[in-house]
Amino acid sequence: RAAWRLMEAARLVRRLAAEDYVKTVAARAGLPASTAKAAAELLKRNRRLLPGKNPWVWAAAALWLASSGRPGLLARLAEAAGSTPLGVKDAAKRMRV
């Protein structure tokens, strides 16, 4: 019975929207709002990739692509998302710009 209640409680937990992840990672990395808005649009176009994946990594990848893929920014975004630069770069490769 306790396990069933835990499963029900887990289903009720609402995940954030993809745009909220983008805003949070952009704020942590110190990026402007215009870049966050462009990244949110990029995630909307690539919505089919998101289910079952780490939303923090996808948000960082979208921000990296929206900022024209500046190399110095990749490590900063990965740290802000709690990931590795390689994970963000791989996610960015899968996105359609």
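This is a predicted model: local features need pLDDT of at least 70, side-chain atom pairs count only at pLDDT 80 or more; totals for chains, interfaces and linings use all residues.
Which hand does the crossing of α4 and α5 have, right or left?

Let's start with the overall picture. The protein chain has six helices and zero strands, and reading along the sequence gives α-α-α-α-α-α. The C-alpha trace spans about 50 × 25 × 25 Å along its principal axes. Of the 97 residues in the chain, 37% are buried. If you take the contacts with a separation of 6 or more, 67% of them join residues 24 or more positions apart.

Now back to my opening question. The crossing of α4 and α5 is right-handed. Their axes come within 9 Å of each other and cross at roughly 160°. Anything over 145 degrees counts as roughly antiparallel, and therefore that is the label for α4 and α5. Who makes the contact? On the α4 side we have Trp56, Ala60, Leu63 and Trp64, and on the α5 side Pro71, Leu73, Leu74, Leu77 and Ala81. By residue class, that contact has nine nonpolar, no polar and no charged residues.

Is Leu74 buried or exposed? Leu74 is buried, with a relative accessible area of 10%. Setting aside residues up to four places away in sequence, Leu74 touches Trp64, Pro85, Val88 and Lys89. For a sense of distance, take Leu74 and Arg1, which are 73 residues apart along the chain: their C-alpha atoms are separated by 46 Å.

Let's move to the other helix pair I wanted to show you. Helix α2, residues 18-29, and α3 have axes that come within 9 Å and cross at roughly 145°. The crossing of α2 and α3 is right-handed. Here Ala18, Glu19, Val22 and Ala26 in α2 meet Ala36, Ala39, Ala40, Leu43 and Lys44 in α3. The residues of this contact divide into seven nonpolar, no polar and two charged.

Lys44 comes up again in my next item. How many salt bridges does a search of the whole structure find? The search finds one. The partners are Glu41 and Lys44, and their closest N and O atoms are 3.8 Å apart. Why are these two separated by about one helical turn? Because Glu41 and Lys44 are three residues apart in helix α3. As for accessibility, Glu41 is partly exposed, with a relative accessible area of 38%, and Lys44 is partly exposed too, at 43%.

Asn46 lies in the loop between α3, residues 33-45, and α4, residues 55-66. Although Asn46 belongs to a loop, Asn46 is buried, with a relative accessible area of 2%. Which residues is Asn46 in contact with, leaving aside its neighbours within four places in sequence? The contacts of Asn46 are Met95 and Arg96.

Note on methods. Residues are numbered from 1 along each chain as its sequence is written. Side-chain values use heavy atoms; hydrogens and water are left out. Helices (H or I, at least four residues) and strands (E, at least two) are DSSP runs, numbered from the N terminus. Buried means under 20% relative accessible area, exposed over 50%, partly exposed in between (1.4 Å probe, protein chains only). Contact means heavy atoms within 4.5 Å. A salt bridge is a side-chain nitrogen of Lys or Arg within 4 Å of a carboxyl oxygen of Asp or Glu. Axes are lines fitted to C-alpha atoms, for helices over the stretch in contact, and angles run from 0 to 180 degrees between N-to-C directions. Angles under 35 degrees count as roughly parallel, over 145 as roughly antiparallel, 65 to 115 as roughly perpendicular and the rest as oblique. A crossing is left-handed if the near helix is turned anticlockwise from the far one by less than a right angle, and right-handed if clockwise. Ala, Val, Leu, Ile, Met, Phe, Trp, Tyr, Cys and Pro count as nonpolar, Asp, Glu, Lys and Arg as charged, and the others, Gly among them, as polar.
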